[in-house]
Amino acid sequence: MVAGRIVAGLILHVSVFAAACSGSQHVKPSRSQSIPLDLSSIYNNKAFGTYPGEAAFDTIGQSYPEPNLPTPEYTSEDTGLIYSFPGYTGPGNSDNVICNGQAIPVAAGTYFSASFLMSNDKEFATVSGNITFTYTDNSTSVYELRSEDWYSFLTINRGQLIFPNRFTATGVDYNTSHIFERTAPLDPGKELRAITLPGESSADDGRLHVFAISLRSSDTVVDVQSVRPTQKWLSSGAQVVEITVNNAGTECVAGDGLTLSLSSDRLQTIEQGHLKRLCPGDQKIVIVGVEPSCNEPINGSVVIDDGSTQSSVNFQDVQFGLVEWTTDLDSLVKHESPEWFDGAKYGIFIHWGPYAVTGWGNSSPYESYAEWFWWYSTHHPQADRSDFYNYRLRTYGEDWAYDDTFPDFTASNYDPKEWVDLIADSGATYFVITSKHHDGFALFDTGETSNRSALHYGPQRDLLGELFDAAATYQPSLKRGTYFSLPEWFNPDFGPYGFDQNNATTNPGTTSWPGVQAKNPYTGVDEPYTGHVPVSDFLADVMLPQMETLAYTYGTDIMWCDTGAANMTAEFAAKWWNSAKTQDRQVAINSRCGVAEAADFDTPEYMRFSSAQKRKWESNQGMDPYSYGYNRATPDEAYMNATTIIYTLVDIVSKNGNLLLDIGPRADGSIVQAEIDNLREAGQWIKSHGEAIFNTTYWFVQSEISGGPDLRFTQTDEAFYVLFLERPVPQNGVVDIAAPVPVLEGDEVSLLGVEGGENLAWKVTGQGNAKVLRIETADALLNKEEFSWVFKIKYLA
């Protein structure tokens, strides 16, 4: 064998076939490769019921509905793994495990990975705990098992399994509920003998629940885990097929690497995939472009070529081809974030509207969203922790109404070219602007649906159109997105669909979208809803037409909804996606449009994770400590500085996320100078180190070094990057990286973006997970850098 290359004549024998899920286009491994574990002996909780109160997944008598699955097994649409998943087990019978440090014995063997179906039982909480894997040599490895909340009215995070509702103790809540999938890498070459679940956590903090565990075995060096046709396409028009490849051997794939293609008499490979480096225990997704000749399920093979030898992996009954979108959930769920969005990594969020006139949300630690000024000031005291009520009274008097802001929303200093130039200078590759927030005031031409817009009041300009035109003219590489609030707080036509986020009786401070005119909090009179055009049905006559205007008239690339609620998203999405495809445009919808199946990416707020997420996510947050709209109470020094921006961006990107960073312009269209300066300062570093950020992927093996220096990892097919988020501290002129990074003799290591940092001397000590990359780096060289120190490993071996 040539070191790091596939053996000539190696035969790969893998049987894969289409997953059982309706409408799925995924391939699962053979039973011998997917090892479901039987957890029934340690079940201690009942999650699934057939009526309210039958089961108590959480501590207040809530539960999932019965899963509609044809067998007591479930095949993951993402990983292709088979799980033992009985679902509803009858009255009084448990069906899942609340983690409490249980030790699960495993038939000793070499496994590539361990995957979990799991969730937590606390709303608005992320719960995590460490799983410990014990090997036959008594060594251990640890993986953080982390879960978002199991239900959410926004569907901020979409699960592997999506349920249309949940049972409360006494009724049904029609917000979706979810079960998530997580995959842990295992130490290559070691035999696993036991899995220990995380220890007990309190009900107040949320408890981790495990429904199923499946191990992935492999008896080949290069293991094709799954073949997944997507609904994305390459510039050639070829359909994107994702091939998940594992290295379950003892040596790296290196040199010229591997070329992958698909072979079938009813399928043509238009663009081959390439895999230059894959070391033991690692997993990568390789993209191949294909063109099928029919719409029937196809049998064929994955052909792997190392330059001298070809091997193949057979697949059966896999459905290829780009579909016509319909409103069926089984159709919508196949859509996902485009490749351009996955590689974009960094966007600028803009919250701008009449709330910039009031421009106040108090200051930390009592700060609230400034753009919610109207709602908070009319929901005192139950939801008004920042005291908007008294600020409004002493600033504007008791007879003032929110719509009195309209004349002062002037945009007199608004220069859309300056805005898009700033976005480009920041290093961002896309932006999203509030086309309409919850106050119902639009920055675009809403036609006959409403006169409550910047075209009729305030600046009397098409602010959104001007910004999109400036981007197209001066910064055409920027993708353009539109935030769109589905409901309007106080639009009386939304009344039939009005709702409280939580039970207002037990949680009087809950946020709400009531759909009735606001009451003046001091006099009790109705506040005006200026520009309101009465309609028969808010969804059909306001919401859907406005979304379609943004899609077709303004050509948005991202429909960034907010609040979920009653909607016509299925109708909108199917039509928009079909239209975009005819224009060769690949567009995206976020996770807040009210239909979980139509969510292309997740949207947590002010949140980061400690491990990589397989599903694409985008964290959004303000440069302000806790506001999206302009807040005059925020001092300049409180805005995110360049150091924090870069730290946040690197951390998120290394875990498969994008950062959508918000600015809040003033009512005249000017932007806080501290935001401008900090964005541009960060942008200089981002642009000079962009190859380690944009169009990279996360590392399957690990995201951080536990207990070690604060660093992250990213990679492309040509190189691997180690990004220090604190200044490295050389010991005797050497910087140590204690991780099994995929570096081989002959590779080139450099300090990216630093003059004199080229071709540094290095060596590796240790083996496997005890491996340490030692790079000779002088202090003088490190002193030339700031914010983040990026070591690049260029694959030359």
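Visitor: Where is the place of Pro381?
Guide: Start with numbering: residues count from 1 along each chain as its sequence is written, side-chain values use heavy atoms, and hydrogens and water are left out. The model is predicted: local features need pLDDT of at least 70, side-chain atom pairs count only at pLDDT 80 or more, and totals for chains, interfaces and linings use all residues. Helices (H or I, at least four residues) and strands (E, at least two) are DSSP runs, numbered from the N terminus. Pro381 sits in the loop between H4 and helix H5 (388-396).

Visitor: What kind of peptide bond joins His380 and Pro381, and what is omega?
Guide: Most residues other than glycine have a negative phi, and most peptide bonds are trans. The bond joining His380 and Pro381 is cis, with omega about 0°.

Visitor: What is omega for the cis bond that joins Ser364 and Pro365?
Guide: Pro365 lies in the loop between helix H3 (355-358) and helix H4 (373-377). A cis peptide bond links Ser364 to Pro365, and omega is about 5°.

Visitor: Is Asn759 buried or exposed?
Guide: Asn759 belongs to the loop between strand E38 (748-751) and strand E39 (762-765). Its phi is positive, near 45°, in a residue other than glycine. Buried means under 20% relative accessible area, exposed over 50%, partly exposed in between (1.4 Å probe, protein chains only). Asn759 has a relative accessible area of 54%, so Asn759 is exposed.

Visitor: What is phi of Asp317?
Guide: Asp317 is in strand E25 (residues 310-318). At 46% relative accessibility, Asp317 counts as partly exposed. Asp317 is a residue other than glycine with a positive phi, near 55°.

Visitor: Where in helix H8 does the kink lie?
Guide: H8 spans residues 538-553. The bend at a residue is the angle between axes fitted to the seven residues ending there and the seven starting there. The kink is about 25° and comes shortly before the proline Pro545, at Leu544.

Visitor: Which residue caps the N-terminal end of H8?
Guide: Look for a side-chain oxygen 3.2 Å from the backbone nitrogen of Leu539. A polar contact is a pair of N or O atoms within 3.5 Å; within protein, one must be able to donate a hydrogen and the other to accept it, and residues adjacent in sequence count only if both atoms are side-chain atoms. The cap is Asp537.

Visitor: With which side chain does the side chain of Tyr554 make a polar contact?
Guide: Tyr554 is in the loop between H8 and E31. Tyr554 is buried, with a relative accessible area of 13%. The polar contact, at 2.7 Å, is with Asp462.

Visitor: What is the C-alpha separation of Tyr554 and Phe468?
Guide: The two residues are 86 residues apart along the chain. Their C-alpha atoms are separated by 7.6 Å.

Visitor: At what angle do the axes of H10 and H11 cross?
Guide: Axes are lines fitted to C-alpha atoms, for helices over the stretch in contact, and angles run from 0 to 180 degrees between N-to-C directions. The axes of helix H10 (residues 642-653) and helix H11 (residues 673-688) come within 8 Å. The contact includes Ile645 and Leu649 of H10 and Ala682 and Trp685 of H11. The crossing angle is roughly 50°.

Note on methods. Contact means heavy atoms within 4.5 Å.
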